[in-house]
Amino acid sequence: MGNIWCGEGFRGHQWIFIVSLFILLPLAFPTFNYGDALSKSILYFEAQRSGFLPIHQRVTWRHHSGLIDCLQQGVDLVGGYYDAGDNIKFGLPMAFTITMLAWSVMQYEDQIIGAEEFEHALEAIKWGTDYFIKAHSQPHVLWAQVGDGSDHRCWQRPEDMITSRKCYKIDEKNPGSDVVGETAAAMAAASILYGKRDPCYSKLLVNHAQELFEFGDKYIGKYDDSILAAKHYYPSKSGYKDELLWAALWLYKATNDIIFLNYVTEKAESFGGTTWAIREFSWDIKYAGVQTLAAMLPMGETLHEKQIQILEEYRSKAEYYMCSNLGRSNSTNVLRTPGGLLYTRKWNNMQYVSTAIFLLMVYSDHLQSMNQMIDCGGTLVHANQIFHFAKLQVDYILGSNPIRMSYLVGYGTNFPRKVHHRGASIESQMQKKEYIGCIEGFKKWYKKKGDNPNVLIGALVGGPGIKDEFDDHRGNFRQLEACTYNTAPLVGVFAKLHNLSYNSMSL
């Protein structure tokens with residue numbers, strides 16, 4: 001996995017020749033079943049559901065859980081998603097998951113429909129937005145977390161939980177503009193998908209999103225300063241300004257109301273949108289997503305000269321992110337493993353890989369549609385090159401790597417068998433009906449040397465280390481824990497690649 005497609009060492013006429021040759025090359029014959037990866041990635045969200053499971057639930061080793069969440073505090077927060085291998089419901093990563101899932105499905109809607117997975121994808125999104133509607137119980141109240149760190153002292157199935165289900169809220173006296181902004185973004189993004197299918201639900205989501213945005217913008221603060229129980233697990237290191245820009249952009253796309261675009265352009269500099277040069281995109285740091293989304297906005301006649309200039313500045317920062325991930329930045333590039341995988345940090349590195357794949361793929365589509373290229377340190381990079389690099393990252397995930405491991409659980413024959421996940425590591429209630437306590441879970445199941453009894457199909461685990469090394473044991477949470485926001489960006493990407501593969505085989 002070298003950098004040949006990035007034109008290392010080529011300049012002038014040599015580079016033009018290489019680009020021209022690359023554009024003329026047909027897509028390679030597919031070596032992976034991207035349709036299977038798509039189906040499995042969507043199925044994964046059913047394994048992460050909390051609340052009353054529907055009768056058509058396909059992940060049958062899961063059952064109802066968290067059925068009295070927050071009822072003692074006077075609010076119904078039954079539902080939503082567990083973000084990873086524990087049983088806490090964290091609002092910030094859950095909202096980011098839904099934003100990215102909605103964007104992913106929206107971007108590649110036709111391909112997902114063609115793969116007959118669209119209804120399942122919509123169900124996955126609605127499971128989140130229905131929960132957010134409950135969580136936004138009053139105009140200036142958002143319930144942002146269910147459960148606390150005591151959960152980590154237990155190794156139990158969600159169905160057996162006895163740990164604290166205390167609920168934590170954001171309000172006027174306890175602000176949290178970041179989690180409020182991300183929840184607004186999720187609901188606004190989802191509303192676009194429902195625009196023609198269910199206009200009433202779409203309008204409901206938009207109303208909640210607008211109300212939340214106004215709340216977060218008026219009562220400013222970091223959510224982990226108000227909810228200390230979140231600080232150790234999901235601290236908001238980037239602050240709240242990126243989430244407010246993110247929310248405003250999604251509301252602009254959902255409503256076409258110029259007031260939201262004005263917000264994005266007027267606060268571009270003071271909120272860091274056009275000043276932060278970022279190499280990663282995650283549940284915490286949204287700047288690259290903001291910059292990419294802004295860069296792809298149409299430059300219509302309704303925009304004045306200053307707004308166009310500011311959107312160009314957003315574009316410049318978006319392309320810094322692209323070039324850094326492509327390894328073509330003149331300053332600092334994202335590291336890669338010897339096998340070619342993007343590498344940001346040792347704890348759940350795949351979250352940064354999956355978001356990079358998505359942004360690169362989406363921006364490649366945009367450049368293709370505009371017949372444009374990007375300038376990476378004096379070297380022009382074509383849309384096809386960006387696509388090719390993103391595809392190589394996907395293929396690494398699915399098994400094209402030094403140890404031939406698929407990091408998407410359940411895909412292929414060689415995938416992680418001991419995922420760090422409470423529900424997957426303990427026999428289902430269907431087979432083992434008796435209650436399993438905290439300590440019993442640790443002794444009998446967490447420390448068990450064998451494979452998990454339940455396969456967490458479609459989960460994208462944390463992935464290998466800096467040298468492509470990977471140790472499949474349950475205690476290796478840095479590499480073996482999977483998160484909803486790892487898988488969400490890849491849903492649409494798998495659909496796109498499946499569609500290209502299908503079409504190439506049909507020729």
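Reader: Where is Ile133 found?
Author: Ile133 is in helix H5, residues 118-135. Helices (H or I, at least four residues) and strands (E, at least two) are DSSP runs, numbered from the N terminus. This is a predicted model, where local features need pLDDT of at least 70, side-chain atom pairs count only at pLDDT 80 or more, and totals for chains, interfaces and linings use all residues. Residues are numbered from 1 along each chain as its sequence is written, and side-chain values use heavy atoms, with hydrogens and water left out.

Reader: Which residues does Ile133 touch?
Author: Leaving aside residues up to four places away in sequence, Ile133 touches Met187, Tyr201, Leu204, Leu205 and His208. Contact means heavy atoms within 4.5 Å.

Reader: Why is Ile133 called partly exposed?
Author: Because its relative accessible area is 22%; buried means under 20%, exposed over 50%, and partly exposed in between (1.4 Å probe, protein chains only).

Reader: Changing topic, how many residues of strand E2 are buried?
Author: Five of the five residues in E2 (142-146) are buried.

Reader: And which strands pair with E2?
Author: Strand E1 (residues 89-90) is joined to E2 by two bridges, antiparallel. Strand E3 (residues 167-170) also runs antiparallel to E2, over four bridges. Two strands pair if DSSP finds at least two bridges between them.

Reader: What are the bridge partners of Val146?
Author: Val146 is the partner of Lys89, and in E3 its partner is Cys167.
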